[in-house]
Amino acid sequence: MKVIVIGGSGHVGTYLVPRLVRQGAEVVSVSRGQREPYTPDRAWGEVEHVSIDRTEEEKSGVFGRKIAAMKPDVVIDMINFRLESAQQIVEALRGQVSHYLYTSSVWGHGMSTVLPAEENQSRHPFAEYGIQKTAIEEYLQEALIKDGFPSTSVLPGHITGPGWACINPCGNFDPQVFGRIARGEEIAIPHFGRETVHHVHADDVAQVFQQAITHRKQAVGESFHAVSPQALSLAGFADAMYRWFGRTPNVRFLPWQEWCVVTRDEETIRTTYGHLMHSNVYSIEKGEKLIGYRPRYSSLQAVCECV
């Protein structure tokens, strides 16, 4: 089985590509530029690396055709963010592959009305990222119904693991928050810390893709959350991190406007606002039942390995 992973050198690809190699697949990693994986693995020595700038190739309408020309059985698309990109690659792969796996996002849910949110419940995306991701999922469903195009969508939560910054108990990527926690210093959290974040270790995201390929019959036409078994409230997250560092929790809760004044950095404020607004909790029941998804990491375990 020949598998092409578009964006194979990224966070999830670091774990996914070696998983596929060990499963016996012939793997091609497509990326804009070759770089070392976040975590070393001997399996990368058996991988073919192909350099393609997707943005540039899509402008001339040839990206999808270049992927199809490599004659894959399965295509895993990690970096598809626009409906136009999905349309181009689906047109090129229609009738050519047995399985196309698309990386969507839990942000496609927007603000869920029922928690934990299930994959097929009504969605209310409000951020452009989530709107585009959901539009692509809907397009893939239409392609399945009209033409039998075999796709599966995977919806990761806050991807976490060694080598990159993860969401902290303030709902943003500022690594200094963990530093202050480690020293036992005070951190400020907006509101009462009851909003939630739902992390997932990158290897568990990779597991969902691998299981969907393994259980293709059950996976085609479906979408699956790739998250840890439980979300964390910001307050609970902070408490657990202080204790992990052997410190007494030292948290101050501030009204939103006061928190913004204390924080000052506009990008950090925007990031926190987005996470507070989504504040969802996601179910993995369907993935457990249909494709045998068994996450190895809790949210806290994934964060601690990252930190």
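Analyst: Here is a walk through the fold, the packing and a few residues.

Analyst: This is a predicted model, where local features need pLDDT of at least 70, side-chain atom pairs count only at pLDDT 80 or more, and totals for chains, interfaces and linings use all residues. Residues are numbered from 1 along each chain as its sequence is written, and side-chain values use heavy atoms, with hydrogens and water left out.

User: Fine. How many helices and strands are there in the chain?

Analyst: The chain has 13 helices and 13 strands. These are DSSP runs numbered from the N terminus, with helices being H or I of at least four residues and strands being E of at least two.

User: What share of the residues counts as buried?

Analyst: 56% of the 307 residues. Buried means under 20% relative accessible area, exposed means over 50%, and partly exposed is in between (1.4 Å probe, protein chains only). As for contacts in the chain with a separation of 6 or more, 76% of them come from residues 24 or more positions apart; a contact means heavy atoms within 4.5 Å.

User: On to the core. Which residues touch the most other members of the largest one?

Analyst: Val5, Leu16, Leu20, Val27, Ile76 and Phe209, in a nonpolar core of 39 residues. Such a core is a set of buried Ala, Val, Leu, Ile, Met, Phe, Trp, Tyr and Cys residues joined through side-chain atoms within 4.5 Å. Elements giving two or more residues to this core include strand E1 (2–6), helix H1 (13–22) and helix H7 (202–214). H7 gives the most, with seven residues.

User: How many residues of H7 are buried?

Analyst: 12 of its 13, so H7 is mostly covered. H7 reaches 19 Å from its first C-alpha to its last, close to the 18 Å expected at 1.5 Å a residue; the expected span is 1.5 Å times one less than the number of residues.

User: What about H1, what do its buried residues pack against?

Analyst: They pack against E1, strand E2 (26–31), E4, strand E10 (199–201), H7 and helix H13 (299–306). Nine of the 10 residues in H1 are buried. One of them is Leu16, and leaving out residues up to four places away in sequence, Leu16 touches Val5, Ile76, Met78, Ala206, Phe209 and Gln210. After H1 comes Gly24, with a positive phi near 100°.

User: Switching to rings. How many aromatic pairs does a search of the whole structure find?

Analyst: Seven. Rings of Phe, Tyr and Trp (its six-membered ring) pair if their centres lie within 6.5 Å; planes under 30 degrees apart count as stacked, over 60 as edge-to-face and the rest as tilted. Phe81 and Tyr129 form a tilted pair, 6.3 Å centre to centre with 40° between the planes. They sit 48 residues apart, Phe81 in the loop between E4 and helix H4 (83–93) and Tyr129 in helix H5 (residues 128–147).

User: Why does Phe81 count as partly exposed?

Analyst: Because its relative accessibility is 42%. Tyr129 is partly exposed too, at 40%.

User: And why is the pair of Trp256 and Trp259 stacked?

Analyst: The ring centres are 5.4 Å apart and the planes are at 25°, so Trp256 and Trp259 count as stacked. Both lie in helix H10 (residues 256–263), three residues apart, about one turn of the helix. Trp256 is buried at 18% relative accessibility, and Trp259 is buried with a relative accessible area of 2%. Ring pairs link Trp256, Trp259 and Tyr273 into a cluster.

User: Last one: where is Arg82, and what does it touch?

Analyst: Arg82 is in the loop between E4 and H4 and is partly exposed at 39% relative accessibility. Not counting residues up to four places away in sequence, Arg82 touches Glu58, Gln132 and Ile136.
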